[in-house]
Structure formats: structure tokens, C-alpha cells
Amino acid sequence: MATAQAKAGRREWIGLAVLVLVTLIISMDMTVLSYALPFITADLQPTGSQLLWITDVYAFVLAGLLIPMGTLGDRIGRRRLLMIGAAVFGVASAATALSTSPGMLIGTRAVMGAAGATLMPSTMSLIRNMFHDENERRAAIGLWAAGFSAGGVIGLVAGGALLQYFSWGTVFEINVPIMLLLLVLAPLLLPEFRDPAAGRLDLLSTVLAFVAVLPMIWGVKQFAEDGVDWPQVSGVVGGLILLAVFVLRQRRVADPVIDVRLFRAPAFSAAVVMNVLANFALVGFMFFISQYLQLVLGLRPFSAGLWSLPAAGAAGVGAAVLAPMLAQRFRRAYVAAGGLLVGAAGCLVLAQVGDEVGLTQVVVGQALMTGGIAMVLTLSAELIVSTAPPERAGAAAGLSETGSQFGAALGVAILGSIGTFVYRRQLSGAAPDGVPADSWVTARETLGGAVEESRTLSTTAAETLVTVARAAFADELRVAAVVSAGILVVTAVLAAVLLRNVGVSVPGQQPAGGPDDTPTPADPSPTPADPTSAAGAGPVAAPAEATASGDTVTGGTGRADAGPGAEIRIGPESTTPAGHRPAHPVA
């Protein structure tokens, strides 16, 4: 008999708007800094190394702490962690805006990254527990993903607009009122969720997760900056070794940070793979778009941001409209593969740009690419948090966001390296007439370097240098577009194969029932895992009916209708002896 799933009320949907606003701000902070760097450089005069850390420390700390913070939220309460993170993020944003030295700016940006790591998995896992109807949850995650996708582009536009009239600190000060609003509204709109049988926090595993992810992210980012060298290789290899140690430890400890047995569920594994590879192509290629618009077509930063707005709109439609609508009618394999192929088609449109004209191709191609990939990112996020047990949703959300960060860093590193190779190969000949040898050496490094060097040359020599450099960059972009299309096609094939047995309903979740369905009462006794059903099985849905007991509600759906701030205890009252966890549903 189908289990009726409780419908979300007005409070849940208003609470979702707050969560989407949080993801929008976090995403904006990943891009808003790019336009502020020249102003920061002029004001604080950082060294080259300090400038690199100012740019990257936020993403490094964010990526390294996502999994540990997701697990922490499962234990201490996801709303509680969200509010702690919001308070720290607001204070750190204000301190960043008031920074008086490069060291202070690096430190405050690192604190912002740590706070951001508490916010991202908390928002995703709260959605998992606020929306129990499968279709509503899919729509909610679509809106969440749309906010995150649009935030990056909005950050570019907002940053360009603010910097035209105010100091560089304002790009961080805009975070403060949003975080204050969250602190006021969260207790009123968001119920508390935690795992009542989470066990102790494994500090060694938490440290291992951080020190394994951090050097890998740093290494792949440095590949794009400096090419292959021993420090970068050592960072990636060392991170992989520590990651292997982390996985082995998770298989043995009683209370793991991430239950690696989740990967035995095909839907979970496929979602993680799609998440990494889709972000690889999307973020890795976006690295070229901003340079093309500004340095090849000559648009000002604010204008370039405005021309990127159609891509943000397409991402919102793909994530919040198309993905939920199509997933209700067709298998996940078809929807995911279709979205990836649309993204690949967008890359092929982008491969048609020239060194003098190409704005139409950029606008259309970028919209197709972001719209198609946004559909896939919504599906992957839904599969990850829905396939994982409700009490592990925070850790699963942290894993999902870590995969996004790793895929993005890998895309920038690999596509950036390929593009650099193409660019330098195109400029491998002798210097054009009137261009000094040292200027030619600088111009062969980057297009930005060529544009800067052209300002020191005569008019004829400058035009010659810029023309050949722009043509070389256009070739670089076209090659990167073709590679990205290939990555998306391969990912589409993987999605079609890995998700072929996943139907319209999320694996392991009961289909949403109609109004005439009778909820099945919660069984107070734990049911042992059936070893014969391990292959391809997802976690079993918790019963829909909740039993109120004071201000705590027990039951699989975790309804929070008892009032704002009521704590939700996931699952039936445990009779398992202390220190022992029942077998995982996918084990």
C-alpha cells in the first residue's frame, strides 16, 4: 500500500524562500570578488602570493569543511548550525569589508568560507526534511538550485554596479542584512532537525575529511595557474592518499562522518558522478566566457554581466521548472541525459564564436549550456539527499557540495591547461613587427597580458598584437567548448546507463499518495536489514505518520506542524543498544 506523504504548508514554502536567499548570497560571494580585485590591489597593495590567497581561500576552506559541517548539522541540529553559520558569516563579511591589510582580508575570507560550509549543507538537508512529498521536494530543490545557479551571475552584475559608485567593501557588506534577516526568520519558519541516534562525533575523521579535500582542491587549481609542478602533484597525491585513509576509516568506525555504503545504491553513485562532471564542464568553461566578453569583444564588466543574465534566467527555468516537470513524467535517465545533451549543444554553439563577432553565439550558447546543466544539478541534488536516509541528509548534502567544488576546480584546471596550450601554440612564432621581444613573451602567457602590453606600444604595433592575441584566445575558447561538449556527452551516456533502473519515483522512497491513502503507523521496533535485497536497493522510506510527544515529534516524515521551532526526531524511538548502529538500508 502506498504511504501518504504529508504536503508542505505555507510556512515550509516561505521558509524555502529564506533558504534560497541564503544560497544566492553564498553563490554571489564566489564571483563578486572578481571585479573588486583591482580596487583591493590599489588599496591594500598585496603581493602576488597574497592576492592568490585572497582569491582562493574562501573556496578552499568552504570545500574542505562541507562534509564535516554537514555531519555536524545532523548531530547538533540543522537549524541551529544554520543560525550559527549565519551569525559568523555576517560578522566575517563586515570584518572583510573593513580589512586594512592583506593578511586581515585573507583571514576574514577564510572565516567566511568556514561559515559558508555550515550554510550550504544545512539548507539542502533542511529541504529534505521540510518537504516529504516527492514532487514538492523535487520542486523545492529545483528552486534551491536555481538560486545557487543565478547567484554567480547576479554577483557579477551586482559587483559591477556597486563598484561604480561605492568602495570595494560594499560587495561584502550586502551580506550583513541578509544574514540578520535569516537570524530573525529561521526560528519562526524553519523547524529543527537532527539525528537522535547520531552517536559521537569522530574528530579524527573530521580532520581527515578536511586535510584530504583541501590539498586536492589547491593542487588542481594550481595546475591552471602554474602548470604541472611538484608542489601541485604532491598536493593531489597526498590528498588522494588521505582520502583513501578516510574511506577506510569510515568503513570501520561505528559512527562514520559519511556512510560509504551509500555508494552501493546506483542512484546515489550516479548522482555524485553527474554532479562532479557537470560542474567540471560548466564552471571550467565559464572561466573563458568572462574573458571573451571583456578582452575579446571589449565589453565593460557591468555590460558583460548584463549579457550573462539570460544564462542566469535559463538556469532558473531549467532547475526550477523543467527538471521538476519532466521528472514527474519520465525516468531520471532520460531527463538527465536530455539535459546534458542540451548543455552539449550549447557548447557547440559557443564553439562557433569568432575573434571579432560572437556575442549572439555566447548569449545563446551559454543559455543552452547553463539551462541544460541546471536541470541535471537539480536531479543529482534530489537523488543524493532523497536516497540517503533522512538522518544522514546533512552529511549527504555536504558530500554533494564537495563534489560540486571538486568538479569546478578540476574543470578550471584541466580546461584552463588545455586552453593555455592552444593559446601559446597559436603564438609560437616570431614577434610581429614593432613588438619588442619582452612584450611578446608576456603576450604569449595570457590574453590579459597581451592587452596590458599593447598599451605601451605604438598604435600600429598595439593593434597587431591585440589582433593576433584575440584570434589565439578565440581558438582557445573554441577548443575548450568542444572538450566541454565531449565531457557532457560522456556524462549523458553514464547517466543513461547508471540511472536506467531508476523510475519516476526516487529509489527507496514510497510514491506520494493521494488524499484517500491511509498512513501506515510507525512501527516502534527496528527492522533488520534484509541481506538478500542489498543489490541496487535504496533506503526504505520512513512511515508518514508522526506521533507527537511534548515539543518533540517522532516519525519518518518529521512534520513540524506542532509550531515554529518544534524539534523533529527522525525515525522511530531507537531500541538499539548504545554504541551500536543498525545496518544501513543499502548495506
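## Arg455 and Glu452

Arg455 is exposed, with a relative accessible area of 61% (exposed means over 50% relative accessible area, buried under 20%, and partly exposed in between, using a 1.4 Å probe and protein chains only). Its side chain meets that of Glu452 in a salt bridge, 2.7 Å from N to O (a salt bridge is a side-chain nitrogen of Lys or Arg within 4 Å of a carboxyl oxygen of Asp or Glu). Glu452 is partly exposed, at a relative accessible area of 45%.

## Basis of the values

This is a predicted model, in which local features need pLDDT of at least 70 and side-chain atom pairs count only at pLDDT 80 or more, while totals for chains, interfaces and linings use all residues. Residues are numbered from 1 along each chain as its sequence is written, and side-chain values use heavy atoms, with hydrogens and water left out.

The whole structure contains four salt bridges. One of them pairs Arg332 with Glu382, with 2.9 Å between the closest N and O atoms. Arg332 belongs to helix α14 (residues 332-350) and Glu382 to helix α15 (residues 359-387), so this pair ties together parts 50 residues apart in sequence (helices are DSSP runs of H or I, at least four residues, numbered from the N terminus). Arg332 and Glu382 are both buried.

Asp475 forms a salt bridge with Arg478, and their closest N and O atoms are 2.1 Å apart. These residues are three apart in helix α19 (residues 459-498), a separation of about one helical turn. Arg478 is partly exposed, at 24% relative accessibility.

Methods:
Helix = DSSP H or I, 4+ residues; strand = E, 2+ residues; numbered from the N terminus.
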